[in-house]
Amino acid sequence: MGIIIYVFQIYSEIRKIMYTTNAIESLNNRYKSVNKKKPVFPTDQALLKTLYLATINVAKKWTGRIHGWDMIYNQLSIIYEGRI
């Protein structure tokens with residue numbers, strides 16, 4: 001119970017980043033959308049190639065800078081003084 005209370009005490013900017021930048025969740029959603037478009041693949045190699053290309057396309061989005069990162073970094077530095 002204590003950890004849940006602590007999570008809600010974190011500043012809203014940090015909480016927003018934690019909830020919206022889950023890379024694994026984003027990748028899984030992309031894989032689902034690829035499989036919905038083409039539910040049957042002729043070979044295992046065709047499936048692997050499709051997933052590889054989907055991964056490459058999603059990875060392009062991960063190179064961007066997080067909006068407001070400077071402010072968030074400063075807040076984390078205050079919360080975790082000496083550890084960042």
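Predicted model: local features only at pLDDT ≥ 70, side-chain atom pairs only at ≥ 80, totals over all residues.

What percentage of the 84 residues in the chain do buried residues make up? The figure is 13%.

Let me turn to the overall architecture. The chain contains five helices and zero strands, and its pattern along the sequence reads α-α-α-α-α. If we take the contacts between residues at least 6 apart in sequence, 59% of them join residues at least 24 apart. As for the surface, the chain exposes about 7100 Å², and carbon and sulfur atoms supply 61% of that area.

Helix H3 spans residues 23-37 and helix H4 spans residues 44-61. Their axes lie 10 Å apart, and the two helices pack at an angle of about 135 degrees. H3 is therefore oblique to H4. The crossing of H3 past H4 is right-handed.

Which residues meet where H3 and H4 are in contact? From H3 come Ser26, Leu27, Arg30, Tyr31, Val34 and Asn35. On the H4 side, they meet Leu47, Thr50, Leu51, Ala54, Thr55, Asn57 and Val58. Sorted by class, this contact of H3 with H4 comprises seven nonpolar, five polar and one charged residues.

Thank you for your attention.

How values were computed:
Residues numbered from 1 in each chain as written. Heavy atoms only, no water. Axes fitted to C-alpha atoms, helices over the stretch in contact; angles between N-to-C directions. Helix = DSSP H or I, 4+ residues; strand = E, 2+ residues; numbered from the N terminus. Parallel < 35°, antiparallel > 145°, perpendicular 65-115°, else oblique. Left-handed = near helix turned anticlockwise from the far one by under 90°. Contact = heavy atoms within 4.5 Å. Nonpolar A, V, L, I, M, F, W, Y, C, P; charged D, E, K, R; others polar. Buried < 20%, exposed > 50% of the residue type's maximum accessible area, 1.4 Å probe, protein only. Areas by Shrake-Rupley, 256 points an atom, 1.4 Å probe, with all protein chains shown as cover.
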